[in-house]
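Hi,

Here is the structure I said I would pass on.

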Amino acid sequence: MFAEILLPLPLPGTFTYQIPLFLQDQVIEGVRVLVPFGKRKLITGVVKHTHEQAPSHYEPKEILDVLDLSPSITSRQLRFFEWVAQYYSCSEGEVLQAALPSGLKLNSESFLELHPEFEDFESLSAQEMVLATVLKDKTISFEEAAKVLKRSSAHPVVKSLLEKKAIILYEQVKEKYKHKTEKRVRLVNAVIVEDKLQEWFEKLEKTPKQLEVLLTFLRLVPVLNKPELNTLGTDKKTLLGESISESSLKTLIKQGLMEEYNFVTDRLNFDFTHAEAPDLSDPQQRALDKIFTLQEEKKTVLLQGVTGSGKTEIYINLIKKELEQGHQALLLVPEIALTTQLMNRLAKFFGKEMGIYHSKFSDNERVEIWNNILNEKTKFIVGVRSSIFLPFTDLGLIIVDEEHESSYKQQDPAPRYNARDSALYLASMYNAFTVLGSATPSLDSYYNAHLGKYGWVELSERYGDATLPAVQVIDMKREKKFKTEQLGFSSVLIKEIQETLKANKQVIIFQNRRGYAPVLECQDCAHVSQCPHCAVSLTVHAYKHELRCHYCGYSESIPPGCKVCGSTHLSTQGTGTEKIEEDLKQLFPETNVIRMDQDTTRSKNGFQRIITAFQNKEAGIMVGTQMVTKGLDFEDVELVGIYHADRMWNFPDFRSVERSFQTLVQVSGRAGRKSQQGKVLIQTYDVKHPLFKWTNTNDYNGFANEELHDRQMLHYPPFTRLIKLVVKGQDKSLTLKASKLLAGELRKQLKDATVLGPEAPAIDKIRNYYIQDILIKLERNNREMPLNKQIIALKAKDITSSKEFRNIYITIDVDPLL
């Protein structure tokens, strides 16, 4: 017997292994197995299927062990992984790597091995060659690699070797997942009868401290009335928290009255008040009724509700109905910050039936959620994009909240999937219903709704007495001319912030640029500090007193003087959230200002800490990047200021205007979500920009129809499909040559396609690799799409397999966001 094993590696296809006789009953579809791979390493794989056909071109190795008593991966998941790999032009191994929590991959530490197909040793640097020479003879751990290189960390060298595909990084065997246990105490079973207990009471009369332990236990666990309660007993911490002596407890355990044991418990528990589904307003009820009606004829519905219209309450009613019918439900959100706030709102309705899934959780927590879904202990998941890979068994409903968000698209590494689009296919596998929700739907979804492919439900008014905020555009040219702005803030915005704070309300300031300033420039020679590895300037981070590249992570201390002329006259140019926070503290010294961006939310509880602090009014002003635009609900926010709107749409990207509109409307929607009307002030140097005629009136449909007309004229999505090829190499001229050759071959081979490029992107060098982009346009209903993808993958492989271009790397991005 043989098994096809899927390995979490960026390699095509599956690998055939022989099933030893003693494992033949255990090797079934979906179980994890331990297999040898390469010369020395062991790796966790998943059984895709078994058969009796021996491979003809090599001698298969044997499966070493089966790691599961029952499948950890369902058959539907395996089919879904296959679809993701085919659609997004990657390997199934890459999908498995993205899907499977690290805790389900046996691991002790990372190990390095020379790639068996690597031959180009001449391209390696001196340090890389030192490590590669050692790896020719043996496998070493990551920690040992640092010792070989005589440096504190081997990470930069290992990273470079991985990019050159010179080595393979793998994990050596050790079970990572551990159950969470708590120490509990109970009576020995033989004692739980009245006569026996009476004997113990008499025996302990002369030892009052030990008697107090027994009495306290019986108060916490009334076993005389309900003997079955003794099975669980009580938490040891709870018992000791009743001011009893731990030594007395230990004595009773030694004497055989009580016993201590480890109880397996969940890491994630939510308070559950068994709340009924929330009452709906008349518009919400009409929207919900229409969704139920459309559900009978459409498998997908677009819920287009203005900000603050109460889409979450509709979601709750939909989820409750699904759970009552015995099905599972998935609520996808674009940001971890949203799961933080939604968790608190949803827990009272769903409690232990609900789980949260995102990357800030530990390996053990993610494995626990995985197993709870698989065993149907958890019925409802709130999670980010990777949640689509969970092992649902009876999925009945998928809700994609803020479906327009670009965060649903995975950029690097492969699979470069879009969770919203993948969710639609996932729903079809389970015959589940899908709801796409947004105040500003993606033009793709809006177009599909107008074609009749999706059902369409509008919610055009805010919940309760709330009204949409008043929007005012501020001319920063005029402010500069009359010198009325301070530290980048217009006089109008400063006045409104003062009045809002005076009324004991809160303010959000939006600037989609983190750090202190994007540029550090010498005032004498105009030298700008650049990243040595990327074609970008280094961003100033004043808090850490460093310059940092936001593309490769390179950092250095802020220099005391110019590196070129030695001048000490250095100044920052541009403004990031860190500087805005500093300026606001200067303008409003009596007000607490907090910041929410990538730098302040790195820790597991970073989002929770900041959101809770702002909800509790521990700060009057919050400064943030795009994180503050995504569905957050703060009832006391009455003013939103957009610091610099112009930089949002000044990008060479056909979606930049759509994204700008969505961002402006979404961040505006944080204001005035209760009875008081909010205000939105947009600072701009281009008050006549056509976008403002739609944002000022919150007219999404008008904007969408005009933008769709332009897209159709220019043959861009949703009227066409895009595939983007990114060609990278450390030699600039060779990269350009390879990209031109590839584009030329694709123009000859592809059917009904337009090939644009190659073109260097705005940032044409990242991590020492030069970049060229090729964009392929295909008709929306192109029947040759699968064939065209095969041709693209084949031609890309032909290029990188040739001797001349062996150091060139090509990635394929289907449906890119650009």
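Let's start with α1 and α2, which are oblique to each other. Keep in mind throughout that this is a predicted model. Helix α1 covers residues 75-87 and helix α2 covers residues 92-99; their axes come within 8 Å and cross at roughly 120°. An angle counts as roughly perpendicular from 65 to 115 degrees and as roughly antiparallel over 145, so this pair ends up in the oblique class. As for handedness, α1 and α2 make a right-handed crossing.

Which residues bring the two together? On the α1 side they are Phe81, Glu82, Val84 and Ala85, and they meet Glu92, Val95, Leu96 and Ala99 of α2. Sorted by class, that contact has six nonpolar residues, two charged ones and no polar ones.

Next, have a look at α3 (residues 126-137) and α4 (residues 142-149), which pack at an angle of about 125° with their axes 10 Å apart. That angle makes α3 and α4 oblique to each other, and their crossing is right-handed. From α3, the contact takes in Gln127, Val130, Leu131 and Val134, while α4 brings Ala145, Val148 and Leu149. Here the classes come out as six nonpolar, one polar and no charged residues.

One last stop: Ser529, in the loop that runs between β21 (519-522) and β22 (539-541). Is Ser529 buried or exposed? Its relative accessibility is 7%, and the cut-off for buried is under 20%, so Ser529 counts as buried. Leaving aside residues up to four places away in sequence, Ser529 touches Leu520, Ser537, Leu538 and Leu547.

That's what I have for now. Happy to go through any of it with you.

Cheers

Definitions and conventions. Residues numbered from 1 in each chain as written. Predicted model: local features only at pLDDT ≥ 70, side-chain atom pairs only at ≥ 80, totals over all residues. Heavy atoms only, no water. Helix = DSSP H or I, 4+ residues; strand = E, 2+ residues; numbered from the N terminus. Buried < 20%, exposed > 50% of the residue type's maximum accessible area, 1.4 Å probe, protein only. Contact = heavy atoms within 4.5 Å. Axes fitted to C-alpha atoms, helices over the stretch in contact; angles between N-to-C directions. Parallel < 35°, antiparallel > 145°, perpendicular 65-115°, else oblique. Left-handed = near helix turned anticlockwise from the far one by under 90°. Nonpolar A, V, L, I, M, F, W, Y, C, P; charged D, E, K, R; others polar.
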